[in-house]
Amino acid sequence: MMPQILETPSHGSVPPIVFIGRNRRGNWIAREKSGSFGGLFVSRAQALKYALVENGRHPESIIEVTHKIELEFRTRG
């Protein structure tokens, strides 16, 4: 079952792309493309739920990767 969009995005706004996948230790990672947010999870379901909440409930902007990904954050400065 596909999640419902609860809020309509404002015109011109693009939802952030979020990658989900496993790191080299087998943990699940959800990470925004540019590293502005992310998290470490014990299950795919938790990573997906987090990604949906953080990107405004846009499943089309969530990409599950098959290669290993790591949780990396970029600092603003």
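1. In this predicted model, strand 1 and strand 2 form a hairpin in which 5 residues lie between the two strands, and within that turn Gly 26 has a positive phi of about 90°. The pairing of strand 1 with strand 2 is antiparallel and extends over 5 bridges; as one point of reference along this pairing, Arg 22 stands opposite Trp 28 in strand 2.

2. Strand 1 also pairs with strand 4 (residues 62-64), and here the two strands run parallel and are joined by 3 bridges.

3. A separate point concerns Ser 36, which is placed in the loop between strand 2 (28-32) and strand 3 (38-41). Its relative accessibility is 43%, so Ser 36 counts as partly exposed, given that this class lies between the 20% limit for buried and the 50% limit for exposed residues.

4. Two relationships of Ser 36 to other residues may be checked in the structure. The side chain of Ser 36 is joined to that of Glu 32 by a polar contact of 3.0 Å, while Glu 72, although 36 residues away from Ser 36 in sequence, lies at a C-alpha to C-alpha distance of 8.9 Å from Ser 36 in space.

Definitions and conventions. Residues are numbered from 1 along each chain as its sequence is written. This is a predicted model: local features need pLDDT of at least 70, side-chain atom pairs count only at pLDDT 80 or more; totals for chains, interfaces and linings use all residues. Side-chain values use heavy atoms; hydrogens and water are left out. Helices (H or I, at least four residues) and strands (E, at least two) are DSSP runs, numbered from the N terminus. Buried means under 20% relative accessible area, exposed over 50%, partly exposed in between (1.4 Å probe, protein chains only). A polar contact is a pair of N or O atoms within 3.5 Å; within protein, one must be able to donate a hydrogen and the other to accept it, and residues adjacent in sequence count only if both atoms are side-chain atoms. Two strands pair if DSSP finds at least two bridges between them.
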